[in-house]
Amino acid sequence: MPDQFPSNAGMARAAQEVAALAAQHADRAEQNRVLDPQVLRSVVNAGFARHFVPAEHGGNNGTFTELGAAVRTIGERCPATAWCASIAASLARMAAYLPAEGRKEIWQHGPDALVVGAISPRGKAKPEGDGWRLSGTWSYISAVDHSDWALVLGLVPGDSGPEPRLFALPRAAYRIEPTWSDIGMRATGSNTLIAEDVFVPEALSVPARNLHEGRAPGLDSRCHAVPLTAVNGLFFTLPILGAARGALRHWSEYAEEKIRAAAKAPGPGRSFYEETLARSSGEIDAAQLLLERVAAAADQGPEITPAETARNQRDCAFVADLLVGAVDRLFRASGTGGHSVHSPLQRFWRDVHSASGHVVLQFGPAATAYANRTLDVS
């Protein structure tokens with residue numbers, strides 16, 4: 001299908017170069033379970049780290065629609081690199097919710113600081129002086145080995161019990177343990193971050209509710225006025241979309257040979273490959289259309305409605321299921337050759353399954369949020 005994401009921005013064009021470089025290093029990155037530093041630098045140079053950085057700090061105040069084309073382009077060649085690029089954009093957007101003084105510290109050397117992190121409440125903090133004393137362990141932090149800063153979530157004492165709070169930590173404040181062992185997305189280097197009794201100034205902390213409500217104090221940029229729930233799933237499904245398109249491309253090359261040989265050798269007939277192609281490509285096209293709508297809704301900024309936010313949650317979770325089904329069909333129809341460890345198809349298949357297992361993309365919670373917003377059952 002035609003690409004509805006605009007490609008007039010430099011990041012979209014640069015993504016093609018990132019994709020080519022990432023493909024060259026993909027096998028070695030899988031073995032090492034971390035992106036090659038050269039590939040990571042190309043991601044940063046392409047503008048992913050600065051995409052959602054506020055303009056006052058040298059960033060682009062970018063759009064979700066533009067990001068969609070760039071991440072998908074990389075995902076077609078290396079889903080793990082696309083995942084890290086998408087995460088870099090997402091975490092920089094979150095960092096923009098910090099107080100102005102904290103934002104200045106993170107981007108004091110320019111808008112290309114690589115921010116990683118997690119918003120699972122795996123830490124605990126208590127107030128101390130003009131800040132907080134934080135300790136915790138956060139697993140599955142993609143690209144953490146290359147990070148300059150990390151955003152992590154910790155629980156702090158509140159009037160009604162523990163309350164979640166976001167903390168920004170400079171690289172010197174945490175250590176990394178190499179714990180990443182997933183069968184897919186191996187090159188993301190999603191290792192464990194550990195902070196032990198770290199003092200975090202007040203300026204490098206913000207209540208998590210600001211992020212969920214889309215309230216970035218002092219900023220009027222549209223990309224920072226969107227609730228997290230409206231866009232969080234998008235950052236994880238875009239690499240899966242790219243991976244599915246990569247799988248389709250590789251499978252199509254295999255199918256062309258099989259169709260040419262169908263009349264001369266035993267095995268599935270031509271119609272088997274034609275139906276597989278039509279069904280899987282149709283599902284992948286449908287997934288892209290849904291994600292384009294998710295991005296367009298998010299680009300409304302403060303005008304996005306609660307109903308659209310719930311629909312975005314539903315669409316991202318639904319897209320993950322749709323793409324898993326499409327790639328599973330291609331994988332099953334690829335024969336033993338496609339299952340070989342030397343085939344790119346099996347890597348796309350593993351990456352799609354690994355990425356779709358992210359907690360944000362589980363359909364049950366998204367369905368509940370959508371039904372609660374859509375149905376009058378009170």
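Colleague: Let's start with helix 1 and helix 3 (residues 64-75): at roughly what angle do their axes cross?
Modeller: Happy to, and bear in mind that this is a predicted model. The two axes come within 8 Å of each other. For helix 1 and helix 3, the crossing angle is roughly 10°.

Colleague: Are helix 1 and helix 3 roughly parallel or roughly antiparallel?
Modeller: Angles under 35 degrees count as roughly parallel. The crossing here is at roughly 10°. Helix 1 and helix 3 are therefore roughly parallel.

Colleague: Which residues make that contact, and is the crossing left-handed or right-handed?
Modeller: Helix 1 contributes M11, A12, A15, Q16, V18 and A19. Across from them, helix 3 brings E66, L67, A70, T73 and I74. As for its hand, the crossing is right-handed.

Colleague: How many residues of the contact of helix 1 with helix 3 are nonpolar?
Modeller: Sorting the contact by class gives two polar residues and one charged residue. The nonpolar class holds eight.

Colleague: Let's turn to helix 9 and helix 12. Are they roughly parallel or roughly antiparallel?
Modeller: Their axes come within 8 Å and cross at roughly 150°. An angle over 145 degrees counts as roughly antiparallel. That makes helix 9 and helix 12 roughly antiparallel.

Colleague: Which residues of helix 12 make the contact with helix 9?
Modeller: On the helix 9 side are P306, A307, A310, R311, Q313, R314, A317, F318 and D321. The helix 12 side consists of F363, A366, A369, Y370 and R373.

Colleague: By class, how does the contact of helix 9 with helix 12 divide, and what is the hand of the crossing?
Modeller: The contact has nine nonpolar residues, one polar and four charged. Helix 9 passes helix 12 in a crossing that is left-handed.

Colleague: Now the open spaces. Which residues lie closest to the centre of the largest pocket?
Modeller: This pocket holds about 1100 Å³ of space. It is lined by 41 residues. The closest to its centre are S120, F236, H358, V359 and V360.

Colleague: Which strands each supply at least two residues of the lining of the largest pocket?
Modeller: Several helices do so, including helix 4 (79-95), helix 7 (228-261), helix 9 (306-332) and helix 12 (363-374). By class, the lining has 23 nonpolar, 16 polar and two charged residues. The strands are strand 1 (115-128) and strand 2 (131-141).

Colleague: Which helix gives the largest share of the lining of the second largest pocket?
Modeller: The second largest pocket has about 220 Å³ of space. Helix 1 and helix 11 each supply at least two residues of its lining. The largest share, four residues, comes from helix 11.

Colleague: How many charged residues are in the lining of the second largest pocket?
Modeller: Among the lining residues are D27, E30, R186, R347 and R350. Two others are nonpolar and four are polar. The charged residues number five.

Colleague: What is the volume of the largest cavity?
Modeller: Searching the whole structure finds one cavity of 30 Å³ or more. Its lining is made by A26, E30, C78, A80, M185, R186, A187, R347 and D351. The volume is about 40 Å³.

Colleague: Which helices each supply at least two residues of that cavity's lining?
Modeller: The lining residues divide into five nonpolar, no polar and four charged. The helices are helix 1 (10-32) and helix 11 (344-356).

Note on methods. Residues are numbered from 1 along each chain as its sequence is written. This is a predicted model: local features need pLDDT of at least 70, side-chain atom pairs count only at pLDDT 80 or more; totals for chains, interfaces and linings use all residues. Side-chain values use heavy atoms; hydrogens and water are left out. On a 1 Å grid over the protein atoms alone, a cavity is a set of points where a 1.4 Å probe fits but cannot get out, and a pocket is an open set with protein on both sides within 12 Å along at least five of seven lines; lining residues have an atom within 4 Å of a point. Grid points are joined across faces, edges and corners, and a volume is the space filled by probe spheres set on the points. Ala, Val, Leu, Ile, Met, Phe, Trp, Tyr, Cys and Pro count as nonpolar, Asp, Glu, Lys and Arg as charged, and the others, Gly among them, as polar. Axes are lines fitted to C-alpha atoms, for helices over the stretch in contact, and angles run from 0 to 180 degrees between N-to-C directions. Angles under 35 degrees count as roughly parallel, over 145 as roughly antiparallel, 65 to 115 as roughly perpendicular and the rest as oblique. A crossing is left-handed if the near helix is turned anticlockwise from the far one by less than a right angle, and right-handed if clockwise. Contact means heavy atoms within 4.5 Å.
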